[in-house]
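Visitor: I am new to this structure and would like to understand the words used to describe it. Could you show it to me and then take my questions?

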Amino acid sequence: QVQLVESGGGLVQAGGSLRLSCVASTKISNFDVIAWYRLAPGQQRESVASIATGGIINVADPVKGRFTISADNTKNTVYLQMNSLKPEDTASYLCAAIGKAGTNSAGVYWGQGTQVTVSS
C-alpha cells in the first residue's frame with residue numbers, strides 16, 4: 001500500500017516562507033504525477049502545483065511566481081517551496097499521486113495533509 005506523508009506546515013506571518021515535504025513510501029518514479037492541493041474552510045479543494053513524468057511542472061495562477069514544486073528522487077520526496085505567503089494561502093495542504101498503470105503502485109493516493117496558517 002502506497003503512503004504519502006506531508007510535513008512542514010505551520011504558522012507564519014504574511015510575507016514569510018515555508019517548505020512542505022511529501023514523502024512517498026515508494027520511488028516517485030512509480031508515479032505518473034505528484035501534486036499539491038489545498039483545502040480551506042468553506043472552499044473547494046484547489047490544485048496548487050504538480051510535477052509529472054519527464055519533469056513537466058504546472059503551477060496554479062494564484063501562486064505562480066511564489067510557489068515552486070520540486071522532486072528529490074533519492075529521498076522519494078516532493079517539495080513545495082512557498083514564498084511571499086499571504087493570508088489567503090491559509091489551508092490544509094495535501095499531497096496526491098497517481099501511480100503508473102500496470103505496476104504495483106497503480107492507483108490514486110492522498111496524504112493526510114499539513115496545515116499552513118498565514119497571519120496578517
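Guide: What follows is a conversation about the terms used for this structure and the values behind them.

Guide: This is a predicted model, in which local features need pLDDT of at least 70 and side-chain atom pairs count only at pLDDT 80 or more, while totals for chains, interfaces and linings use all residues. Residues are numbered from 1 along each chain as its sequence is written, and side-chain values use heavy atoms, with hydrogens and water left out.

Visitor: How many helices and strands does the protein chain have?

Guide: The protein chain has zero helices and 11 strands, where helices (H or I, at least four residues) and strands (E, at least two) are DSSP runs numbered from the N terminus. Read from the N terminus on, the elements are β-β-β-β-β-β-β-β-β-β-β.

Visitor: Why is the protein chain called as compact as a globular protein of its length?

Guide: The radius of gyration, taken over C-alpha atoms, is set against the globule rule, which is 2.2 Å times the number of residues to the power 0.38. The protein chain has a radius of gyration of 14 Å, close to the 14 Å that the rule gives for 120 residues, and is therefore as compact as a globular protein of that length. Along its principal axes the C-alpha trace spans about 45 × 25 × 25 Å.

Visitor: Are Arg38 and Asp89 buried or exposed, and how do you know?

Guide: A residue is buried under 20% relative accessible area, exposed over 50%, and partly exposed in between (1.4 Å probe, protein chains only). Arg38 has a relative accessible area of 8% and is therefore buried, and Asp89, with 1%, is buried as well. Salt bridges that share partners join Arg38, Glu46, Arg66 and Asp89 into one network.

Visitor: How many salt bridges are there by this rule, and what can be said of Asp32 and Lys100?

Guide: The count comes to five salt bridges. One of them joins the side chains of Asp32 and Lys100 at 3.3 Å, N to O, with Asp32 in strand E4 and Lys100 in the loop between E9 and E10, 68 residues apart. Asp32, at 34% relative accessibility, counts as partly exposed, and Lys100, at 22%, is partly exposed too.

Visitor: What makes a group of residues a nonpolar core?

Guide: A nonpolar core is a set of buried Ala, Val, Leu, Ile, Met, Phe, Trp, Tyr and Cys residues joined through side-chain atoms within 4.5 Å. The largest one here has 30 residues, of which Phe31, Trp36, Leu80, Met82 and Tyr93 touch the most other members. Several strands each supply at least two residues of this core, among them E3 (18–24), E4 (31–39) and E9 (91–99). In soluble globular proteins, nonpolar side chains tend to be buried together.

Visitor: Which residues is Met82 in contact with?

Guide: Contact means heavy atoms within 4.5 Å. Leaving aside neighbours within four places in sequence, Met82 is in contact with Gly16, Ser17, Leu18, Leu20, Arg66, Phe67, Tyr93 and Val116.

Visitor: Why do Ile98, Val108 and Trp110 form a patch?

Guide: Patches are made of residues with over 30% relative accessible area and no salt bridge, like charges being joined within 9 Å and nonpolar side chains (Val, Leu, Ile, Met, Phe, Trp, Tyr) within 5 Å. Trp110, found in strand E10 (residues 107–110), has a relative accessible area of 34% and is partly exposed, so it passes the requirement of over 30%. Together with Ile98 and Val108, Trp110 forms a nonpolar surface patch of about 270 Å² of accessible area, as given by the Shrake-Rupley method with a 1.4 Å probe, where for residues only the protein chains shown count as cover.

Conventions: A salt bridge is a side-chain nitrogen of Lys or Arg within 4 Å of a carboxyl oxygen of Asp or Glu.
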